[in-house]
Every structure is written in structure tokens, then in C-alpha cells.
Amino acid sequence: MPDEHSDRPGEKSPVPDASSEEQDPIARHLRIHGRIQGVWYRGSATAEASRLGLSGWVRNRSDGTVEAIAIGPLTAVEAFIARAHQGPSNARVSRVEVFEAEIEQLAGFEQRPTV
């Protein structure tokens with residue numbers, strides 16, 4: 001069986017480059033539970049998303065949770081999700097739900113009003 005991967009100069013390999021897959025944007029919808037409102041959770045999430053170069057948004061929900069959409073490269077979104085489990089120092093995160101989401105064309109990361 002022929003090898004599909006080519007090492008010949010000038011010939012493009014049909015095997016995908018893992019680093020390019022990591023740069024393709026993904027979107028994740030997060031629902032964060034715990035003592036997370038009134039402790040600067042949205043502000044810290046916005047700062048972290050900006051540091052990671054993500055687009056999306058974060059908002060409080062009237063049920064006491066915080067909701068966020070994070071859009072960007074896989075490694076950056078995974079780092080944002082990891083930080084969501086911690087939150088700022090006064091937060092007490094009990095659970096983070098993560099769902100796949102549609103990629104929206106958003107400029108930057110913003111705090112949205114409570115729903």
C-alpha cells in the first residue's frame with residue numbers, strides 16, 4: 001500500500017498539518033455555576049479572553065450563572081475554559097458546562113447585559 005505522506009521537496013503532503021488544525025477557529029458556549037456573580041468574574045473573563053486573542057462575550061444570567069461564548073484557535077479556547085474553572089480569587093466555581101457553538105463573526109470580546 002503506498003504511503004500518502006510525501007517527503008519529496010516541492011510536493012505537498014495530503015496529511016493535514018496538526019498546527020494548522022489548531023489555528024482553525026472553534027466556538028464554545030460555557031455555562032459557569034457557583035458563587036460567581038459580584039466577584040468580578042465577567043471582568044476577569046473579558047481580560048483573559050483579550051489576552052488570549054479570543055472573540056466572543058460574557059454575561060450574567062438571572063439564575064445566578066454566568067454564560068460565555070469563546071471563539072478562536074483551539075489552544076486559546078481550551079486555555080479560556082481552563083481559566084473559567086478557576087475564575088478570580090473571590091469566585092467559587094462549582095461547575096462549568098461546555099458546549100459546541102456556531103462561530104459568530106464578532107470583533108473582540110465584550111461584556112453583555114444580564115438576561
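Accessible areas are computed by the Shrake-Rupley method with a 1.4 Å probe, and for residues only the protein chains shown count as cover. This is a predicted model, in which local features need pLDDT of at least 70 and side-chain atom pairs count only at pLDDT 80 or more, while totals for chains, interfaces and linings use all residues. Residues are numbered from 1 along each chain as its sequence is written, and side-chain values use heavy atoms, with hydrogens and water left out.

**View 1. The whole chain.** The chain exposes about 7200 Å², of which carbon and sulfur atoms supply 49%. Three helices and five strands form its secondary structure; helices (H or I, at least four residues) and strands (E, at least two) are DSSP runs, numbered from the N terminus. Their order from the N terminus is α-β-α-β-β-α-β-β. Of the 115 residues, 37% are buried (under 20% relative accessible area, with exposed over 50% and partly exposed in between; 1.4 Å probe, protein chains only). Where contacts (heavy atoms within 4.5 Å) link residues at least 6 apart in sequence, 77% of them join residues at least 24 apart.

View 2. Six of the six residues of β2 (residues 55-60) are buried, so the strand is largely enclosed by the rest of the structure. In a regular strand the side chains alternate between the two faces of the sheet. Here Ser55, Trp57 and Arg59 point one way, and Gly56, Val58 and Asn60 the other way.

**View 3. The partners of β2.** Two strands pair if DSSP finds at least two bridges between them. With β3 (residues 66-73), β2 pairs in the antiparallel sense over six bridges, and tryptophan 57 stands opposite isoleucine 69 of β3. The hairpin of β2 and β3 has five residues between the strands, and glycine 64 takes a positive phi near 95° there. With β5 (residues 109-111), β2 runs parallel, joined by three bridges; valine 58 stands opposite glutamine 111 of β5.

**View 4. The largest nonpolar core.** A nonpolar core is a set of buried Ala, Val, Leu, Ile, Met, Phe, Trp, Tyr and Cys residues joined through side-chain atoms within 4.5 Å. The largest one has 22 residues, and Leu30, Ile32, Tyr41, Leu54 and Phe80 have the most contacts inside it. At least two residues of this core come from each of β1 (25-35), α2 (41-52), β3 and α3 (74-84). Helix α3 gives the largest share, five residues.

**View 5. Around tyrosine 41.** Leaving aside residues up to four places away in sequence, tyrosine 41 touches Ile32, Ile36, Val66, Ala84, Gly87, Pro88, Ala91 and Val93.
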